[in-house]
Every structure is written in structure tokens, then in C-alpha cells.
Amino acid sequence: MPNDAMQALLAGLNEDLAHEYAAIIQYRTYASAVTGPYRQELRAFFSTEIPDELGHAALLADKIAALGGRLAVQSAEVKYTDDPREMLANSLADEEATLTRYIERRKQAEDAGEFGLANDIDDIIADESKHRDELRLMLKRCPESGQRG
């Protein structure tokens, strides 16, 4: 039976996996549903995020399986909106929450003696930080809701 540190890590990794699943669904939905004058830019942005999130999900799923855990099969909540500014705001809030979770997960990986995983999580933190930063910049340029043109 895994020790407490490993059990906490596995539970956390499954939470992260559920959120990666949700990000994939949400970005695919937003890429298809976005309208307005920024449609092309936002559609491209959301579409290019999907492979990153899918890669994160694959890494997490493989690690959970390697550690003897049972993989999450449900996504976290997916936020739907057809407003481009809300899409960006939702995505930014999700990326910020994701960063907080991964910073905690990195510590849990070290506590469980999974130093390679901690290194992998550093790479994910770097990816998610770039996503967050890009979303912040895009949100600054996006008009207020109701001003879609």
C-alpha cells in the first residue's frame, strides 16, 4: 500500500488530470464558438493550446498508471460562454488555478521521492506560466463584454 505522501500525490495528480481534460474540452469549445472581430486570433490561440494540455494529460495519466494509481476518467467543470472576453477571463482564471495546483504538486512529488516527476512538473509550470502571460496580454486588448462589434 502506498504511503501517505504517495497517496496524496496520486490524488493530486488525478485532480490535475481532470483539470487538463477540462482544459482540452474548454479550449476546443471556445475555438469553435468564438465570434466577433477577434475570432481568428482567439480561435488560433485556443486551438494551439489543446496539444499542450493533451501532452500534460498524457504525462499525468502515464505517471499515475506507473505509480499504481487509478486514472481519473471525468473532467473537472467546463465553463461555457459565447462571449470572447469571458472566454479569456475564464481561461486566465483556470491557468492561475492550475499554476497553484502544480506548484503544490511539485512539492508533493518531492515529498514522495518522485524527483523526476518534480522536474516534469517544472516544465508544465513553465508552459502554464506562458499560457497565463499570453492570456493576460490578450485580455488587456479585448473590449469589454457587449462591445464585440
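Guide: A helix axis is a line fitted to C-alpha atoms over the stretch in contact, and the angle between two axes runs from 0 to 180 degrees between N-to-C directions. The model discussed here is predicted.

Visitor: At what angle do the axes of helix H1 and H2 cross?
Guide: Helix H1 covers residues 4-33. Its axis and that of H2 come within 8 Å. The two axes cross at roughly 155 degrees.

Visitor: Are H1 and H2 roughly parallel or antiparallel to each other?
Guide: Angles over 145 degrees count as roughly antiparallel. The axes of H1 and H2 cross at roughly 155 degrees. H1 and H2 are therefore roughly antiparallel.

Visitor: How many residues of the contact of H1 with H2 are nonpolar?
Guide: The crossing of H1 and H2 is left-handed. Among the residues of their contact, seven are charged and four are polar. The nonpolar residues number 16.

Visitor: Which residue has a side-chain oxygen that reaches a backbone nitrogen at the start of H1?
Guide: H1 has 30 residues and reaches 43 Å from first to last C-alpha, close to the expected 44 Å. At its start, the backbone nitrogen of Ala5 has a side-chain oxygen within 3.1 Å. That oxygen belongs to Asn3.

Visitor: What span is expected for H3 at 1.5 Å a residue?
Guide: Helix H3, residues 84-111, has 28 residues. At its start, a side-chain oxygen of Asp83 comes to within 3.1 Å of the backbone nitrogen of Arg85. From first C-alpha to last, H3 reaches 41 Å, close to the expected 40 Å.

Visitor: Which residue takes a positive phi just after H3?
Guide: H3 comprises residues 84-111. Just after this helix, a phi of about 80 degrees is taken by Gly113.

Visitor: How far apart are the axes of H3 and H4?
Guide: H3 and H4 pack at an angle of about 160 degrees. That angle makes H3 roughly antiparallel to H4. The crossing is left-handed, and the axes lie apart by 9 Å.

Visitor: How many residues of the contact of H2 with H4 are charged?
Guide: The axes of H2 (residues 39-66) and H4 (residues 115-141) come within 12 Å and cross at roughly 165 degrees, which makes H2 roughly antiparallel to H4. The H2 side of the contact includes Glu49, Asp52 and His56, and the H4 side includes Asp127, Glu128 and His131. Seven residues of this contact are nonpolar and two are polar, while the charged ones number ten.

Technical notes: Residues numbered from 1 in each chain as written. Predicted model: local features only at pLDDT ≥ 70, side-chain atom pairs only at ≥ 80, totals over all residues. Heavy atoms only, no water. Helix = DSSP H or I, 4+ residues; strand = E, 2+ residues; numbered from the N terminus. Expected span 1.5 Å × (residues − 1). Polar contact = N/O pair within 3.5 Å; in protein donor to acceptor, adjacent residues only side chain to side chain. Parallel < 35°, antiparallel > 145°, perpendicular 65-115°, else oblique. Contact = heavy atoms within 4.5 Å. Nonpolar A, V, L, I, M, F, W, Y, C, P; charged D, E, K, R; others polar. Left-handed = near helix turned anticlockwise from the far one by under 90°.
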